[in-house]
Amino acid sequence: MSEQADHGKRPVSAVLAGPYGHPFHPILVTVPIGAWVSSLVFDVSSRIVGDPGFLTKGSLWLIAIGVLGALAAATIGFLDLMAIPTGTPAFRTGVTHMSLNLAVTASYAVNFVWRHADYGTPDAVDIGQLALSAVSLAGLAAAGYLGGRLVFRDGVRVADEATQADAFEHRPRLDRHP
């Protein structure tokens with residue numbers, strides 16, 4: 001393995017970014033993904049049910065939770081990006097991944113402000129707000145694809161093969177008899 005590839009596997013700060021082979025960024029991204037997917041479900045549902053006010057309010061707060069979660073994930077993700085040597089294809093993929101995610105987060109922040117102006121009205125989510133959420137979620141999917149590429153193809157913040165091989169070594173089981 002090249003020294004540059006090994007460098008991308010090591011955390012910049014194990015305390016902040018997670019220890020070797022167990023980064024924090026992947027667990028943090030579940031918050032905005034889950035919140036924003038759920039907000040879109042609430043948006044669509046608000047246009048179907050007879051009394052949509054609770055879904056409209058719920059969607060607004062799910063967007064807010066997603067934005068806050070995305071900022072936390074971005075902070076830790078930035079540390080992981082700094083572990084990748086600059087000038088490499090993996091670094092360029094990381095910068096694109098980060099840029100897309102920041103654009104998505106900004107679009108959800110705009111969507112939050114737009115919706116907050118109508119907070120408390122019993123109406124369904126506006127079709128423009130719903131469309132912005134759908135487009136933002138598509139951008140999030142593209143960013144997620146690039147994040148998956150960084151991990152599964154480029155091996156960023158993944159333990160090296162020698163460390164992984166330990167998990168597949170056959171070791172005799174010690175039977176425990178009373």
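This is a predicted model: local features need pLDDT of at least 70, side-chain atom pairs count only at pLDDT 80 or more; totals for chains, interfaces and linings use all residues.

Which helices do the buried residues of α6 pack against? I found α3, α4 (30–46), α5 (53–82) and α7 (127–153). For me, buried means under 20% relative accessible area, with a 1.4 Å probe and protein chains only.

Residues are numbered from 1 along each chain as its sequence is written, and side-chain values use heavy atoms, with hydrogens and water left out.

Next I checked the overall make-up. I got eight helices and zero strands; these are DSSP runs (helices H or I, at least four residues; strands E, at least two), numbered from the N terminus. Of the protein's 178 residues, 38% count as buried.

Back to α6. I listed its buried residues, among them Phe91, His97, Tyr108 and Phe112. Helix α6 (residues 89–116) has 28 residues and should span 40 Å at 1.5 Å a residue, which agrees with its end C-alpha atoms being 40 Å apart. The expected span is 1.5 Å times one less than the number of residues.

Then I looked at His25, which lies in helix α3 (residues 25–28). Is His25 buried or exposed? His25 is buried, because its relative accessible area is 17%. Leaving out residues up to four places away in sequence, His25 touches Ala73, Ile76, Gly77, Asp80 and His97; a contact means heavy atoms within 4.5 Å. I also noted a polar atom of the His25 side chain 3.4 Å from the backbone nitrogen of Gly77.

Key: Buried means under 20% relative accessible area, exposed over 50%, partly exposed in between (1.4 Å probe, protein chains only). A polar contact is a pair of N or O atoms within 3.5 Å; within protein, one must be able to donate a hydrogen and the other to accept it, and residues adjacent in sequence count only if both atoms are side-chain atoms.
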